[in-house]
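Look at the sequence and the model below.

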Amino acid sequence: FHATGHRLLRRFGPSAGIPADFTIMDQGDAEDLMQLSRASLGLGDKKKRFPKKTTLHYIYSRHINTEIAVDDILRDEYPPFVDYREDIGRIFADYTRRKGDRNLVDYDDLLLFWGAMLDSDPALADRITGLYSHILVDEYQDTNMLQARVLKAMCRAHRNITVVGDDAQSIYAFRGASFRNILDFPRDFPGTTIVTLEQNYRSTQPILDTTNTLIARAEERFTKNLWTRREGGERPWLVSVQDEGQQTRFVVERVLELHENGTPLREMAV
């Protein structure tokens, strides 16, 4: 997504008021600039605890990618900082101004400005979307709300979009991914054909039986029943441990036990 957004911004950005010679900041650069805004507003030396640059950047990036209001992010994830909502908003505004003054974009801007080009000028949007007759997205369960919005705009003319993904493998909510994108895909793109891939080539049937049982408890999902031609293998273990250290000791001891009983190390994986 970011690579495509970068390429399109270099080519079409000037038509939307974005200089083509912009510089991209990595996460460290973005956090440093956020700290500069924090300090310039006199919010870096408060006696009370105030969010540091990494936290500020996380809140900002999460707001951009998930389209969740800053107030809601603070309430749900950082309740001690709710009273600083106004100050945090001032920092974000100053951070945005500094980026513009210095012709800088961060990773989030690559998606945000891409979406803005598609939404702001119909003629420009037609030029951009006309470059693509078909769109394919892999790991669709890991996309966020901003990416889904960009995709809808990119496909409004031809609707030729294929996504590959698995709602049962959505594990990146902490990074802003929304499993709603894949669950709502048939609604967002009427006429969708769903092809269910149920044969598994990696695991043995006892593992698949366990996962099928677990995911069947999900309140909302695409129904599928994984199966394999691979036979054998014992049933999975459920091992309860007190902490990460105990977990590590269990894994190490189990590896040593298997090795001492004749299982080559090359046949083990952690």
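A crossing is left-handed if the near helix is turned anticlockwise from the far one by less than a right angle, and right-handed if clockwise. With that in mind, take α4 and α5 in this predicted model: α4 passes α5 in a right-handed crossing. The contact is formed by V70, D71 and L74 on the α4 side, and by R85, I88 and F92 on the α5 side. Sorted by class, these residues of α4 and α5 are four nonpolar and two charged, with no polar ones.

Two packed helices are described by the angle between their axes and the distance between the axes. For α4, which covers residues 70-77, and α5, which covers residues 85-101, the axes come within 11 Å and cross at roughly 125°. That angle makes α4 oblique to α5, because an angle over 145° would be needed for roughly antiparallel and 65 to 115 for roughly perpendicular.

A second pair is α3 and α6. Their axes are 10 Å apart, and the helices pack at an angle of about 25°. Angles under 35 degrees count as roughly parallel, so α3 and α6 are roughly parallel to each other. The crossing of α3 and α6 is left-handed. On the α3 side the contact involves Y60, S61, I64 and N65, and these meet D108, D109, L111 and L112 of α6. The contact of α3 with α6 divides into four nonpolar, two polar and two charged residues.

How many of the ten residues of helix α8 are buried? Seven are, and the helix, residues 145-154, is mostly covered. The buried residues are L146, Q147, A148, V150, L151, A153 and M154. What do the buried residues of α8 pack against? The helices are α3 (53-66), α6 (107-120), α7 (122-129) and α9 (180-183), and the strands are β3 (135-137) and β4 (161-163). At the start of α8, the backbone nitrogen of L146 has a side-chain oxygen of N144 within 3.1 Å.

Next comes the loop between β3 and α8, where T143 is placed. Is T143 buried or exposed? Its relative accessibility is 3%, so T143 counts as buried; the cut-off for buried is under 20%. A polar atom of the T143 side chain lies 2.7 Å from the backbone oxygen of Y140. The side chain of T143 also makes a polar contact of 3.0 Å with the side chain of N181. Leaving aside neighbours within four places in sequence, T143 is in contact with F1, V137, A177, S178 and N181.

E139 lies in the loop between β3 and α8 as well. With a relative accessible area of 40%, E139 is partly exposed. Most residues other than glycine have a negative phi. E139, which is not a glycine, has a positive phi near 50°. N103 is found in the loop between α5 and β2 (104-105).

Note on methods: Residues are numbered from 1 along each chain as its sequence is written. This is a predicted model: local features need pLDDT of at least 70, side-chain atom pairs count only at pLDDT 80 or more; totals for chains, interfaces and linings use all residues. Side-chain values use heavy atoms; hydrogens and water are left out. Axes are lines fitted to C-alpha atoms, for helices over the stretch in contact, and angles run from 0 to 180 degrees between N-to-C directions. Helices (H or I, at least four residues) and strands (E, at least two) are DSSP runs, numbered from the N terminus. Contact means heavy atoms within 4.5 Å. Ala, Val, Leu, Ile, Met, Phe, Trp, Tyr, Cys and Pro count as nonpolar, Asp, Glu, Lys and Arg as charged, and the others, Gly among them, as polar. Buried means under 20% relative accessible area, exposed over 50%, partly exposed in between (1.4 Å probe, protein chains only). A polar contact is a pair of N or O atoms within 3.5 Å; within protein, one must be able to donate a hydrogen and the other to accept it, and residues adjacent in sequence count only if both atoms are side-chain atoms.
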